[in-house]
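Dear colleague,

I am handing over the structure we spoke about, together with my notes on it. Please look through it alongside the text below.

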Amino acid sequence: MSTFAKPENALKRAEELINVGQKQDALQALHDLITSKRYRAWQKTHEKIMFKYIELCVDMRRGRFAKDGLIQYRIICQQVNVNSLEEVIKHFIDLSTKRAELARSQAQALEEALDVDDLEADRRPEDLMLSYVSGEKGKDRSDRELVTPWFKFLWETYRTVLEILRNNSKLMALYADTAHRAFQFCKQYKRTTEFRRLCEIIRNHLANLNKYRDQRDRPDLSAPESLHFYLDTRFEQLKIATELELWQEAFRSVEDIYGLTCMVKKMPKTSLMAVYYAKLTEVFWISASHLYHAYSWFKLFQLQKSFNKNLNQKDLQLIASSVLLAALSVPPYDHTRRASHLELEHEKERNSRMGNLIGFNLEGKLESVEVLSRSALLTELVSKGVMTYVTQEVKDLYNLLEHEFLPLDLTSKVQPLLVKISKVGGKISSASSVPEVQLSQYIPALEKLATLRLLQQVSQVYQTMTVDSLSKMIPFYDFSAVEKISVDAVKHNFIAMKVDHMRGAVIFGTLGLESDDLRDQLRVFAESLNKARAMIYPPAKKLSRLGEMLPGLADTVDKEHKRLLARKSIIEKRKEEQERHLLEMEREEESKRLKLQKITEEAEQKRLATEIEQRKNQRILREIEERELEEAHALLQEAEKRSKKKGKKPLLDGEKVTKQSLMELALTEQLRERQEMEKRLQKLGKTMDYLERAKREEAAPLIEAAFQHRQEEERVLHEREQQEEIELSRQRHDGDLKEKQRFLRMSDSKTQFAERVMERRRAEFERMRTEREQRISTILQTRREERETKRKMIFYLNVEEERQRQLREEEEARKREEAERRKKEEAERRAKLDEIAEKQRQRERELEERERLRKEAILGKSTESLARPSELPGGASRLPELSATPGAAAAATAAPSSSTGKYVPKFRRSGSESSSQAPELDRRDGARQDDRGPPPSGGDRWRRDDSAGGSRGPPRPWRGASRG
């Protein structure tokens, strides 16, 4: 673990490690600093360190490190500067989100780059093998390699942040914002499993909040701000659950909202309640709970009508029509009929629970919940005036299905109304919680209701009817669907009917001894005749006495109505102003209270920190002294006990004993006692072995006898059970034979029915097989044409590629021939230049040789002119020989002079020396000329240096190079 004198040093060290590519070591250094108890006093540097630490964790995808660091940082700055923790967490979430989005964009770019016309031409062999082996597409692999790790890290980030911020009154806003961002993440990427886990996490946080009420910084749910954050989070959870079509989770969210409001005993705002009931309608419609769906619509209609001032007449009419159609969609019979007592209790409890959710009863008492039923709902709709807002088609449909008795014309009158109703719907701009209403969703339920009403009314009039006649009367379904509907109705005792398929007839029965409708048939017939007579001969209209007495009653009512509306608007404005004023006063008081509380808490924290530090130091010193004193006393007492038990004289009486001596004595005594204990254990082990062996020897015959007795009993029991099983099998076989004889009577009917079914299925199979063969032939023709087109295109591409390859080969051959020709010309030119240079060097050597001979000749003549005639041995006859070999002559001249000892003048001695040195110079010059290499061939002029070191005149240029 690294230790630093200051936090700034750790930050610098981490930056240095990052620059050299050691990010893991940098992360570990910062982690050691953050988790160290030495740096628990918050400083501004801690925030910079946390930012760098979070960046490293995100870059390396170390979620566990990030969680540990944030927990330690929360401990550091919880009571000092909680805003710093908020900034760090926001930075953490933003970084994780950006990296996840970057990975997603890279995956999309990679997918777009792979989106080419001819995949087989650009695919590599390894990609083809990977696709054949793995069976995945390119996008799936890129998502799994690039996107999935970052999405997992982002999900882990949200979980970590929610775990750190949970149940903290100072961080409620950030907790709610994080939850909303997590919900949006699940919604954007369709993460249903993570959404369920997220809901469970938030639910557990609330449960822990209620469980541990003595927690520090626990949020107060009775405070308006805390309640607002919690409710806002739950409503957002409900919205996302419905958008993801997680209806079970949506219902649990509804229960969470209801439980939270029951906990604080406060009703949410009207806008939130509108969202609550709007989502309830969707949940109950998906779950096929039409009764609860209708009650939710009714509650939503009441809220919109009472509190939504922007609702126009058209929108109100559309919502009211939805309410009535939802109520009509409820099945008209009781589902709990013929149910057991336990099922009735469960259904009663369920209805009470749903009644609390729909009625939003905060008391939660089962006795106070009203009974939910279809008849009660329709009665309440009529009494509350909902019928005055619905459209005329819906009202006519309601009258036909609920009040009219038309057994033969019911469906013919209902069908055009359903067609009109299915076209009604649209967006509701003034009701944000219900953006769109479509009445067409109730058409299947209304068709089923019309079918049930028709069957009910027909059963009251007819006893027998043919299947064809009944099928013509119900245009919505074929007879198989009608049969299913009737089975369900008969099951719940709504109608009594039977279907005889052999005769093709429907037989209706009676539910009781006498039908009420048949008993009142004459009364209904008389009322209908009276209505017809009134329509043919209408009575004379009489003037109203009230109209005669009060002719201006209508104007008075209008004025009074306007005055009441104006008074109502004034009262509402005053209430709003008063509420706004109270809210502002509460906010000011709350801000003042928070400021004062913050100042008091800071002073108290400083005082407590000082006192805690002082008490801590004193306690540590005191504990050290007490521990040493207790150890010394304990050792002293143990030594005294041992000495007294053994009758020995205590060693401590009158002696000066130290702690070290006591410890040595105690260790010696412990070692001796351990040795004695080992000896006793060995002796006891031998005794136990002997005793166990003796017990087993005595028990062996008894165990064998018991085993034989048990085996005999089990054999007798097995034989008895086998006989019983044989008898039962014989009885079952006889019963099965009787059952077979009883079923043989209906085998012919079964065979005929099976043949009809098989014939119908065979015809359907032939039709489908013909369609399939036609479709397959069409597909084969299309694929054949595509293959032909593809083959032609491949042939064209191959021909074009071959032509381009031939052109490239011809161009390369031409370039090679041109290069060879140039190399040959260059070689010939260099050979000519070398030949000219060699001739020039030969000519220069000849010139040099001539020059040397000329100099030697000049030196020889000068020597001859200086010598006396008497001293020359051969006289003038040897002059050509001397001129030919001047070196030899000089040697001969020098030899007599040196040998005879005669006096040689000074000028002769110098002449002889110069003549003797000249050949040597010439020899050295010739050697140096021979050792020189050829002159460079790249220059335009050749220069010749003086071989003897003297001046031979200016160098002559080589004209041969310029000519070459």
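Which residue lies over the face of F743, and at what distance from the ring centre? It is R742 that takes this place, at 4.8 Å from the centre of the F743 ring. Please keep in mind throughout that this is a predicted model.

Confidence and overall make-up

The mean pLDDT of the chain is 78, and 76% of the residues reach 70 or more. Over residues 132–138, however, the pLDDT is below 50, and beyond near neighbours in sequence this stretch has six contacts in the model.

The chain has 964 residues, of which 28% count as buried, and its secondary structure comes to 32 helices and five strands. Taking the contacts between residues at least 6 apart in sequence, 70% join residues that are at least 24 apart.

Aromatic pairs around helix α8

The structure holds 14 aromatic pairs, and I would draw your attention to one that F92 and F153 form, which is edge-to-face, with 6.3 Å from centre to centre and 80 degrees between the planes. Because F92 lies in helix α5 (residues 82–113) and F153 in helix α8 (residues 138–165), this pair ties together parts that are 61 residues apart in sequence. Both partners fall under the 20% limit for a buried residue: F92 has a relative accessible area of 1%, and F153 is at 3%.

F153 has a further aromatic partner in W150, and because the two ring centres are 6.0 Å apart and the planes stand at 85 degrees, this pair too is edge-to-face. W150 and F153 are three residues apart in helix α8, so about one helical turn separates them, and W150 is buried, as F153 is. The ring of W150 also has a charged residue over its face, namely R61, which lies at 5.0 Å from the ring centre. Taken together, W150 pairs with F153 and has R61 over its face, while F153 also pairs with F92.

Elsewhere, F151, Y158, F185 and Y189 form one aromatic cluster.

A histidine in helix α10

H205 has its place in helix α10 (residues 192–211), and because its relative accessibility is 5%, it counts as buried. Once its neighbours within four places in sequence are left aside, H205 is in contact with L162, E163, R166, N167 and Y175. Two of these contact residues, L162 and E163, have numbers that fall within the range of helix α8, residues 138–165.

Cysteines

How many disulfides does a search of the whole structure find? The search finds zero. Among the cysteines, C57 counts as buried because its relative accessibility is 0%, and C262 is likewise buried, although its relative accessible area is 16%, against a limit of 20%.

Notes. Residues numbered from 1 in each chain as written. Predicted model: local features only at pLDDT ≥ 70, side-chain atom pairs only at ≥ 80, totals over all residues. Heavy atoms only, no water. Phe/Tyr/Trp six-rings, centres within 6.5 Å; stacked < 30°, edge-to-face > 60°. Helix = DSSP H or I, 4+ residues; strand = E, 2+ residues; numbered from the N terminus. Buried < 20%, exposed > 50% of the residue type's maximum accessible area, 1.4 Å probe, protein only. Lys NZ or Arg CZ within 6 Å of the ring centre and 35° of its normal. pLDDT = per-residue confidence, 0-100. Contact = heavy atoms within 4.5 Å. Disulfide = S-S within 2.5 Å.
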